[in-house]
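Hello,

Here is the structure I promised to pass on. Please look it over, then read my notes below.

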Amino acid sequence: MYHRNKIVARTLGALAGVALLASAVAAEVTIRVQSVIPATADEVVMLKEFAADVAALTNGEVNFEVLPAGAVVGVAETLDAVDSGLIEGGFAWTHYWSGKHPAAMLFGSPVAGAGVGIDNIAFLSWFQYGGGRELYDRLWDEMGVNVKGFMLQPVGPEALGWFKEPIASMDDFRKYRFRTPPGIPGQTYKDIGVASVAMGGGDILPALEKGTIDAAEWCCPKPDSVFGFQKVLKHYYLQGLHQVVVNADVYINGDVYDSLTDHQKKAIEVAANASLSKAMSYRIYENGKALKDLTENHGVILHDTPADYFPAYMNAAKASLEKNAADNAFFAEVWQSQKDFAEIAVPFWAGAQASNASLGKAFADSVK
């Protein structure tokens, strides 16, 4: 009897161990992420690299399936679809959702460097160490959506854009119907008299070809060339203020995110942090190659932005920021955080960057 009981006990113990081991093995999760841009875009290339990192860090437990724009819902419905659980994830620029909350712009595209000289690298410093991430996590509750967001792809400064003819002044600029981003950056163009038209990236080239618009901005040389703007327009201006900083993010339905294990959540966080660096590194080299190709092989002419653009846009941007801060408490809190950060960090960073810019300009002039 003793031996039989011992065998039964061992068997039960082994079964319990198997059950415990089985419970420790997390189920595989597939998160369908609908992008707001076509599958050929550079941003989707980098999004898939982030997805591959998450899969590797979780041993294949968490897989992001990237869907192109419009696969399940329209571009404008992407965040609502994530909120409702119709899709598990979305990929966009957070300023796309400025209609839900004006502070979305301060994370996705803080107009004119938030009016306080924050460039794309300084923005990451604010986001990671200056209190920005904590405010970003609060944004979704402020919007009233069941979403967990991760910032993935910083870029900037974006090019002013593409034109049919050279522009020598703001008077020339105001002659064009100009594609701009949504939210405050686009509204600021309207405030200085530019006929601003907001539309998604995939709609820009068809609109140019049909004459719905006759000038446009999207991003930078590589993404712009992928969309094919050089087929229609030849005059290109690199220096712009509307999106000195711009960030593309992934959004995960809150219930889906909460169902993940702590290890899986940490893997997504680590992959997202890696993507912040990898995206900037990728952009510098790819944009350099694209600009060289555009000017040498596609007849694109590079110009300097008219001097009167900068004070006009900066003054209008500051007025817009101040108005939104007066109207919305959370917007004011986020902007104050950025201003407090800039007071400490920008004097150092701008001074340090001046020598870098002079060094690079000297070499660029020698190449030219």
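Buried means under 20% relative accessible area, exposed over 50%, and partly exposed in between, with a 1.4 Å probe and protein chains only. By that rule Cys219 is buried, at a relative accessible area of 3%. Cys220 is buried too, at 5%. There are zero disulfides in the structure, a disulfide being a pair of cysteine sulfur atoms within 2.5 Å.

This is a predicted model: local features need pLDDT of at least 70, side-chain atom pairs count only at pLDDT 80 or more, and totals for chains, interfaces and linings use all residues. Residues are numbered from 1 along each chain as its sequence is written, and side-chain values use heavy atoms, with hydrogens and water left out.

On confidence: pLDDT is the predictor's confidence in each residue, from 0 to 100. The protein chain has a mean pLDDT of 91, and 93% of its residues reach 70 or more. Residues 1-9 have pLDDT below 50, with zero contacts (heavy atoms within 4.5 Å) beyond near neighbours in sequence. Where pLDDT is low, the predicted coordinates should not be read in detail.

A cavity is a set of points, on a 1 Å grid over the protein atoms alone, where a 1.4 Å probe fits but cannot get out; lining residues have an atom within 4 Å of a point. One cavity of 30 Å³ or more is counted. The volume of the largest cavity is about 90 Å³, the volume being the space filled by probe spheres set on the points. Its lining includes Glu43, Trp93, Arg179 and Cys219.

Best wishes

Conventions
On a 1 Å grid over the protein atoms alone, a cavity is a set of points where a 1.4 Å probe fits but cannot get out, and a pocket is an open set with protein on both sides within 12 Å along at least five of seven lines; lining residues have an atom within 4 Å of a point.
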